[in-house]
Every structure is written in C-alpha cells, then in structure tokens.
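Q: Please look closely at one part of this model and say what lies against it. Start from the chain it belongs to and give the cut-offs for your terms as you go.

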Amino acid sequence: MTTLLEIVIRNGSLFDAFGVIGLGLVAYAAIRLARREHSWGGHMMAAGAIAVLIARLYLVLAPHFVNDNMLHAIGPIGISLTIGLPPLMLTLGLAGVVWGLWGHERWLKTERNR
Amino acid sequence: MSVGILPPLASIAAVRPVFLIVMGISLMVIAWRLASTSGRWTSRLLVAGALLLAFGYSILLPMYEGGMIRFFAPDKPLSLVSADTLAWHVVKVTVMNTGWLLFGLGVALHANLFGLSSPGSHPQTSPHPRPHDHLA
C-alpha cells in the first residue's frame, strides 16, 4: 500500500472532521442568511444542513459508543431507529440543502430585479 | 420473472440512487448560478465544493448503492481488503468530506460569516478602485 493511501486510511477521522466542519459552516451560514436577509431558502438550507450534520455526527461517533449493552437497553424499536433514521436524515437533509439553495438563489434574483 | 437481481422499480432501493443523482446535479447547477453573482473566492469555493459533491452524490454513491463497488469494512484487516474497495473508499472519503468543507466555506463567505466583504458581490461599492480611476 502506498504512503498516501495509508495516510488517508489511518486519518479517516481527520477527513470526517473536515466534512463535519463544512456542514456546520453551511448550517451556520444558512441561519445567518435566514435571519439577516429573511430569505426562506436560508431556513430550508439550515434545517437540511442540521439534519445531515446530526446524521453524519452519529455515523462518525457511533462506533465509539454503540455496544451490545446499549443496544440491549434501547430495545428493538431503538435499534430500528438507529438503523432507519440516519439514512432518512441524510436523504431529507440533502434535499433540504438543495431546495434551500435553490430558494435562496431565486430570492436573490428577485431582490436584484426589484 | 426474475426480480431478485435488480430492485423493483419505485422501491426505496431503486429510487434512492436516482434521487441522489438528481440532487447532485441540481446542487451543481444551482451553486454555479449562485456563484455567477458572487465574489471571486466565494464562487471558486462554492463551485469547487459543489463539483466534488456532485461527483460524490451523482456518481460515487449510486455506484455503491447499485453494488458496483463494495463497501469498505473498517474492522477487517487491510491485507484482506481488495485494492479496488480500498481505492474507492479513499476517493469517497476525500471527495465527500472535502466537498462539504469547500461548499461550507463558499456558503460561509457568501453569507459574509467571517466579516470579510467580498468585492465581487457588490461591484458598485468595491473598495478597490480600478487602476485609472484617478485619471478620470
């Protein structure tokens, strides 16, 4: 295995941190846009980015705290939720970000033409 | 009739890759349109992030969902993982995370999160005069 591949594989959490920081920036910037410019796209983008961020954080951190005792404690419904919710939040969150970005772009265009 | 290999149409398994492809391409197009009205670095970061995310969402993830690439199992010893799986995993990790980071930086600059004014977004109030403005 080449050194570059090894660096990327061994430092997976560093790259995950990049993604989490980026999503946090999207969410924070969207909230700023929504509050400052009252653009509805900002609200949508913020909601989507927060959903993706929560799901991403869970997927990154889950291997460190999910074990048999915890799965036994949360029961079958909890286990189903841990399996079903993260992909759902990733999917709906992505849709929210794209829809919000579209809304913000439309809003900017109408503001400029006004 | 064999429906065992391909997921039935309109099932979650079949719709999700299509949804990801549509979202990836939409993200790229909208970011491109937003970038055309933004400052130089804002548009560069937005478009770079959106291109990486579009590649990830519309090509890489549907390939994973379609079973063309096998998922990387981190608990398996690296010597037992095939080179293809490892290489695609590295591409996915790099593309998706760098894509979100660059896109996030682009949106943050667009929202003026760092307190810097982007010269391109407000051309009429640009703090840098053109070189021959003082001659006019």
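A: Of the contacts in chain A between residues at least 6 apart in sequence, 79% join residues at least 24 apart; two residues are in contact if their C-beta atoms, placed from the backbone, lie within 7 Å. This is a predicted model, in which local features need pLDDT of at least 70 and side-chain atom pairs count only at pLDDT 80 or more, while totals for chains, interfaces and linings use all residues. Residues are numbered from 1 along each chain as its sequence is written, and chains are lettered from A and ligands numbered from 1 in the order in which they are written.

Chain A has four helices and zero strands, in the order α-α-α-α. Helices (H or I, at least four residues) and strands (E, at least two) are DSSP runs, numbered from the N terminus. The C-alpha trace of chain A spans about 60 × 45 × 20 Å along its principal axes. Of the 114 residues in chain A, 34% are buried. A residue is buried if 20 or more other C-beta atoms lie within 10 Å of its own, exposed if 12 or fewer, and partly exposed in between.

The part to look at is helix α2 of chain A, residues 12-37. Within the chain, the axes of α2(A) and α3(A), residues 40-65, come within 8 Å and cross at roughly 160°. Axes are lines fitted to C-alpha atoms, for helices over the stretch in contact, and angles run from 0 to 180 degrees between N-to-C directions. The two helices α2(A) and α3(A) are therefore roughly antiparallel; angles under 35 degrees count as roughly parallel, over 145 as roughly antiparallel, 65 to 115 as roughly perpendicular and the rest as oblique. The crossing of α2(A) and α3(A) is left-handed, that is, the near helix is turned anticlockwise from the far one by less than a right angle. Among the residues making the contact are Val20(A), Leu23(A) and Ala27(A) of α2(A), with Ala46(A), Ala49(A) and Leu53(A) of α3(A). The residues of this contact divide into 16 nonpolar, four polar and three charged. Ala, Val, Leu, Ile, Met, Phe, Trp, Tyr, Cys and Pro count as nonpolar, Asp, Glu, Lys and Arg as charged, and the others, Gly among them, as polar.

Helix α2(A) also meets chain B: its axis and that of α3(B) come within 7 Å and cross at roughly 30°. That makes α2(A) roughly parallel to α3(B). This crossing, too, is left-handed, and the contact has 16 nonpolar, eight polar and one charged residues.

Leu25(A) is found in α2(A) and counts as buried because it has 24 C-beta neighbours inside 10 Å. Beyond its neighbours within four places in sequence, Leu25(A) is in contact with Gly104(B), Leu105(B), Val107(B) and Ala108(B). Its C-alpha atom is separated by 9.0 Å from that of Ala49(A), 24 residues apart along the chain.
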